[in-house]
Amino acid sequence: MKNLSTKIKLYANREVDFTKDVMLQDDSNGSGPYIKEWNIEGVAKPTDEQLATYESAADLEERQNAVRATRKKAYGSIADQLDMQYKDKLNGTTTWDDHVAAVKSANPIPTE
């Protein structure tokens, strides 16, 4: 089963605060996490069957998020990127553009 929190976000179609909107619990009895408390106004608490329909979408979302995290690390700090852009402007080079293109090429976002 994919990450329950990802399925819940997809089901709710919004950001979810897992400290107040939805409380998850895992009793460590082997059955995995479950929704202990549902506090999203205007959105009915989903059934297990409803959440199961988000399996493939949650899998894709989690794979995309993993690639985004890898890209974020590979881009380097904002300060380093600004320094690259400044030097590019001074020297008429494309170091920053080339760096971003290389990171994106090496880490494509999955679409399916």
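How do the axes of α1 and α3 cross, and within what distance do they come? Here are some friendly notes on that and on two related spots.

1. This is a predicted model, where local features need pLDDT of at least 70, side-chain atom pairs count only at pLDDT 80 or more, and totals for chains, interfaces and linings use all residues. Residues are numbered from 1 along each chain as its sequence is written, and side-chain values use heavy atoms, leaving out hydrogens and water.

2. The axes of α1 and α3 cross at roughly 110° and come within 9 Å. That makes α1 roughly perpendicular to α3 (65 to 115 degrees counts as roughly perpendicular). On the α1 side, T6, K7 and L10 meet E55, A57, A58, E61 and E62 of α3 (contact means heavy atoms within 4.5 Å). By class, this contact holds 4 charged, 3 nonpolar and 1 polar residues.

3. Staying with α1 (residues 4–12), S5 lies in this helix. S5 is buried, with a relative accessible area of 16% (buried means under 20%). Leaving aside residues up to four places away in sequence, S5 touches F18 and L24.

4. Turning to the other partner, α3 (residues 55–75) packs with α5 (residues 95–106) at about 150°, their axes 10 Å apart. That makes α3 roughly antiparallel to α5 (the term applies over 145 degrees). In this pair, R71, A74 and Y75 of α3 meet H99, V100, V103 and K104 of α5. The contact of α3 with α5 has 4 nonpolar, 2 charged and 1 polar residues.

Terms used
Axes are lines fitted to C-alpha atoms, for helices over the stretch in contact, and angles run from 0 to 180 degrees between N-to-C directions. Helices (H or I, at least four residues) and strands (E, at least two) are DSSP runs, numbered from the N terminus. Angles under 35 degrees count as roughly parallel, over 145 as roughly antiparallel, 65 to 115 as roughly perpendicular and the rest as oblique. Ala, Val, Leu, Ile, Met, Phe, Trp, Tyr, Cys and Pro count as nonpolar, Asp, Glu, Lys and Arg as charged, and the others, Gly among them, as polar. Buried means under 20% relative accessible area, exposed over 50%, partly exposed in between (1.4 Å probe, protein chains only).
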